[in-house]
Amino acid sequence: MSEPQSALLLRKQLAELNKNPVEGFSAGLIDDNDIYQWEVLIIGPPDTLYEGGFFKAHLQFPKEYPLRPPRMKFITEIWHPNIEKNGNVCISILHEPGDDKWGYEKASERWLPVHTVETILISVISMLADPNDESPANVDAAKEWRESYAEFKRKVARCVRKSQEECL
């Protein structure tokens, strides 16, 4: 029985990332027998509040990949307007393709089959550096980002320290 196209594509992307690592993150499989479950480690981007942090996340790919997006969830605690308190990442390119029924996003901002693990993670790293507080997944973090930035920074610094301790 041959492997589904999605599995072949994910194997190719994993091999490419292993051959040519991208600065800012590393990626691998949670279980060598399941190409659809990935663990990634995002290094907090320089010159951001997250600098120095080591944030683990899981990417769960559907069998219909790349026609449908993966889901991404941070396992390491992280305080950010676009990351739900349970760790789920809310970023346009991970939203199902097509028109947004609420009218917040253009179809071109949502999932497109051209996205790869690399483009997803680069977008998430960019999101860490530049949150979108207009459409927050964590309303409390967005409110704090706008109204009590010093408190927001304190909570992020605690998450960074905790992430460093967990990586030891």
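Select glutamine 13, which sits in helix α1. Helices here are DSSP runs of H or I with at least four residues, strands are E runs of at least two, and both are numbered from the N terminus. Glutamine 13 is buried, at 10% relative accessibility. Buried stands for under 20% relative accessible area, exposed for over 50%, and partly exposed for the range in between (1.4 Å probe, protein chains only). Setting aside neighbours within four places in sequence, glutamine 13 touches Trp38, Tyr65, Thr116 and Val117. Contact means heavy atoms within 4.5 Å.

Two notes before moving on. The model is predicted, so local features need pLDDT of at least 70 and side-chain atom pairs count only at pLDDT 80 or more, while totals for chains, interfaces and linings use all residues. Residues are numbered from 1 along each chain as its sequence is written, and side-chain values use heavy atoms, with hydrogens and water left out.

**The sheet**

Now show the strands. Four of them form an open sheet in the order β1-β2-β3-β4, with antiparallel pairing. β1 (25-29) and β4 are the edge strands; each has a single partner, so one side of each lacks a neighbour in the sheet. On average, neighbouring strands are turned by 25° against each other, direction ignored. Pairing requires at least two DSSP bridges between two strands.

Start at β1. Antiparallel β1 and β2 are joined by 5 bridges. Pick alanine 27: its bridge partner in β2 is valine 40. In a regular strand, side chains alternate between the two faces of the sheet. On β1, Phe25, Ala27 and Leu29 make the covered face, while Ser26 and Gly28 make the uncovered one.

β3 (residues 54-60) pairs with β4 in the antiparallel sense over 4 bridges. Leucine 59 stands opposite methionine 72 in β4.

Next, bring back the helices. Helix α1 (residues 5-19) packs on the sheet and touches β1 and β2 (37-43). The direction of α1 makes about 135° with that of β1. Helix α2 also packs on the sheet, touching β1, β2, β3 and β4, and its direction makes about 40° with that of β2. Axes are lines fitted to C-alpha atoms, for helices over the stretch in contact; angles run from 0 to 180 degrees between N-to-C directions.

Select glutamine 60, in strand β3. With a relative accessible area of 32%, glutamine 60 is partly exposed. Beyond its neighbours within four places in sequence, glutamine 60 contacts Tyr36, Gln37, Pro70 and Arg71. Draw a C-alpha to C-alpha distance from glutamine 60 to methionine 72: 6.5 Å, for 12 residues apart in sequence.

**The annotated cysteine**

An unreviewed UniProt entry annotates Cys90 as "active site". UniProt positions are in the numbering used here, feature names are shortened, and annotations may be inferred rather than shown by experiment. Cysteine 90 lies in the loop between β4 (71-74) and α2 (117-129). Apart from neighbours within four places in sequence, cysteine 90 contacts Asn82, His95, Met127 and Ala137.

Finish with α3 (residues 139-147) and α4 (residues 149-167). Their axes come within 6 Å and cross at roughly 125°. The two helices are therefore oblique to each other: under 35 degrees counts as roughly parallel, over 145 as roughly antiparallel, 65 to 115 as roughly perpendicular, and the rest as oblique. Select Ala141, Glu144, Trp145 and Glu147 of α3 with Tyr149, Glu151, Phe152 and Lys155 of α4; these make the contact.
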